[in-house]
Amino acid sequence: AEVTYTDSNGKEMSRLFANEAQIGIGAEVVRRTTQRRKRVGGLIAYGMHTLSLVFRYKSPSMAIVVDGKREMTRKVMGLAIGNGAITAGGMRLTPKASLNDGLLDILIIDEQNVSKRLRSFARIYSGDHVEMPEFKYVRGTSITVMSDAPVSVSADGEFLGFLPCQNYERDF
């Protein structure tokens, strides 16, 4: 799939991703997880930063459009757009994703208080978080995400830049 985003200089950029892309809290975890820290293991490095952000991440308002249909405009902690089911040291953010179905699996993580964030944190490793009301799971071939805030964007474990994210598109 291809992601178009805004780099730190305000320039529109694009690149392909194979497994997953994230917007919001997940991309912020990627931004803060350095290569040096990844050497201790992806599960530990990503888990430490995720747990840290559970307590202090401020959810921005985002406008989300899937396959040309507006899904929502409201405070969202983050989104995971998956071609694959497993990411970031074993997290199953998009557990129903398949590399060969032609669809993007999109997990929308609604704003949650700290107590709910802590309860859902462990469940993202088993994939059963998608049954919780604070998560919305949709599928589509394209997604556009916009925000007035400088929301982080990552793909395949690499920090890319910020919203606006013009489009993710699965083209195979």
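**Exercise 1.** Is aspartate 156 buried, partly exposed or exposed, and what is its relative accessible area?

*Solution.* The structure is a predicted model. Step one is to locate the residue: aspartate 156 sits in the loop that joins strand 9 (152–155) to strand 10 (158–169). Step two is to read its relative accessible area, which is 31%. Step three applies the cut-offs: buried means under 20%, exposed means over 50%, and partly exposed lies in between. Aspartate 156 is therefore partly exposed. Its backbone has a positive phi of about 50 degrees, although the residue is not a glycine.

**Exercise 2.** Describe the backbone and the accessibility of aspartate 67.

*Solution.* Aspartate 67 belongs to the loop between strand 4 (61–66) and strand 5 (69–82). Its phi is near 50 degrees, a positive value in a residue other than glycine. With a relative accessibility of 41%, aspartate 67 counts as partly exposed.

**Exercise 3.** Identify the residues of the nonpolar surface patch that includes Leu118, and place Leu118 in the fold.

*Solution.* Phe55, Val114 and Leu118 make the patch, with an area of about 250 Å². Leucine 118 lies in helix 4, which spans residues 114–126. A patch residue needs over 30% relative accessible area; leucine 118 has 36% and is partly exposed.

**Exercise 4.** Summarise the chain as a whole.

*Solution.* The chain holds 4 helices and 10 strands, in the order β-β-β-α-α-α-β-β-β-α-β-β-β-β from the N terminus. Of its 172 residues, 51% count as buried.

Notes: Residues are numbered from 1 along each chain as its sequence is written. This is a predicted model: local features need pLDDT of at least 70, side-chain atom pairs count only at pLDDT 80 or more; totals for chains, interfaces and linings use all residues. Side-chain values use heavy atoms; hydrogens and water are left out. Patches are made of residues with over 30% relative accessible area and no salt bridge: like charges are joined within 9 Å, nonpolar side chains (Val, Leu, Ile, Met, Phe, Trp, Tyr) within 5 Å. Accessible areas come from the Shrake-Rupley method with a 1.4 Å probe; for residues, only the protein chains shown count as cover. A salt bridge is a side-chain nitrogen of Lys or Arg within 4 Å of a carboxyl oxygen of Asp or Glu. Helices (H or I, at least four residues) and strands (E, at least two) are DSSP runs, numbered from the N terminus. Buried means under 20% relative accessible area, exposed over 50%, partly exposed in between (1.4 Å probe, protein chains only).
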